Amino acid sequence: MEDCPLCTLHAISVISPVRKKVDITLGACTLRLTHPITGAVEASFPVASLARAFVLPTRGKVKPHWTVVLMSHDNPPRPTRSKSNTSPDHFQCIFGLDATCTSAMTVTRYEGPADNAEICKDPYPPKSLTRGAIDALLNCLPTSCPVFEPNPDTFRSNSKEQGIAAYRGAKEGTLWFLKQGLLGESKPCEFWALDDLKGGEAQGGEAVRLLSATGRTCSVFVTRKAAKEGKEKGVDSEQDEEEGDETEFGMVDGREQDNIREWVRKHRHLFGGHTQGGKDKGSTNGAPSSINAQGKGADEEEGDDVLRDSDDEDSDFEVSSSDGGSPSSESGGSGSDNDEGSGDEGGDEDEGARSESGSARSAEDDVGSDDEEEMDPKHHPLMRPGAMPRMSRTAMDVAVGMVVNDLIGGGGGRPKRTVEVDVDEEEEDELDE
């Protein structure tokens, strides 16, 4: 297949894979980055490997700015010391444009057949909007590469921006909560689709977790579903908890916790790709479940689950409520001694049966609670970084010195208290008694 060009953006500032101004040409087979003057190819990637594209309003800019991200894979490979994470089949192209042109720019489009294509140049004078130029390039992408964009109705930040600042390690980036998943914008970018997040609705809270030690800042932990999770049946739940790749985004503003929890509450029924044999209540295309079809939304349904769980726990106390009616039956049979005796015997039998059923039920609940309470120590919240405050060395020395002084009585030379006991007097008292 001939690699005929489709669209070219001229003199665009690129962040990755190179950091310079280049011409971006999208062809039928390749995406090429060329020098704007010499035409030398800086980088080239196959178009067929493109998986997703994102158009993001750049956070932290004084003037409105657009950031465009083209990704071949959601989960980029981890770089090693021996070689980098760039390859022809695994790449990311990140570039930016001011929302309003500061200087004149041109977009070249190629229309018609490859052998006789018509070249059309669209000028963008200063102070004109550049979103049309971005759309001209993205419209030439194959259908296998969808374009995603944040929506304020899906996630709203307290800072009036659609993304929130987050650190991944020592690198500052932006965390975007989209309708299709989460995007960690940094270098490199990583995307967690809703289907790739660990667990379904029952484990949605573990896919996106929040941890805050002070309340002023928090950390967001995102867990990607393991490749074999959901495909094997009968896997132990403890093994499922250990599976998956967890990523931490730190130094997130603590005021964003409610907004993040709201996003999780709305989308948690889509986590995990519904691979638990129909146990998840959501559908792959977002269609309502059978309960939703009766007039309940996904949010109300989650509240109903909590209520149903509490009702199941309260069912253990139904025995005590039914026992409340036994006095009336006994009082009703108080006409004769024989009736009272028979009524007492019948009540004892009923109480014995109820107590046996209650004990059996409590035994089952104890077994279930023991299973639920088992947790790997490494997953305990107190073992997370930042969960326990650090004690300075000075405070530690003071505490140790106080304990040593109390044990050996050093320093002040305080006399130790002694208690003398007259053994003979205690023995005489015992004999008198």
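Two strands count as paired here if DSSP finds at least two bridges between them. Strands are DSSP runs (E, at least two residues), numbered from the N terminus. This is a predicted model, where local features need pLDDT of at least 70 and side-chain atom pairs count only at pLDDT 80 or more, while totals for chains, interfaces and linings use all residues. Residues are numbered from 1 along each chain as its sequence is written, and side-chain values use heavy atoms, leaving out hydrogens and water.

**Around β13**

- β12 (171–177) and β13 (181–185) run antiparallel, joined by four bridges.
- Across that pairing, Leu175 sits opposite Gly184 in β13.
- On to the next partner: β13 also pairs with β14 (residues 190–193), again antiparallel and over four bridges.
- Here Gly181 faces Ala193 in β14, and a hairpin of four residues links β13 to β14.
- Five of the five residues of β13 are buried, so β13 is largely enclosed by the rest of the structure. Buried means under 20% relative accessible area (1.4 Å probe, protein chains only).

- A cavity is a set of points on a 1 Å grid, over the protein atoms alone, where a 1.4 Å probe fits but cannot get out. Points are joined across faces, edges and corners, and a volume is the space filled by probe spheres set on them.

**An open space**

- A pocket is an open set of points with protein on both sides within 12 Å along at least five of seven lines.
- The second largest pocket has a volume of about 740 Å³.
- Its lining has 31 residues, with Ser13, His65, Phe95, Gly96 and Leu97 nearest the centre.
- β1 (5–16), β6 (65–71), β7 (92–98) and β12 each give two or more residues to this pocket's lining.
- Domain 1 (1–76 + 89–148) and domain 2 (150–227 + 244–272) each contribute at least three lining residues; the bounds come from an automatic or database domain assignment.

Conventions. Buried means under 20% relative accessible area, exposed over 50%, partly exposed in between (1.4 Å probe, protein chains only). On a 1 Å grid over the protein atoms alone, a cavity is a set of points where a 1.4 Å probe fits but cannot get out, and a pocket is an open set with protein on both sides within 12 Å along at least five of seven lines; lining residues have an atom within 4 Å of a point.
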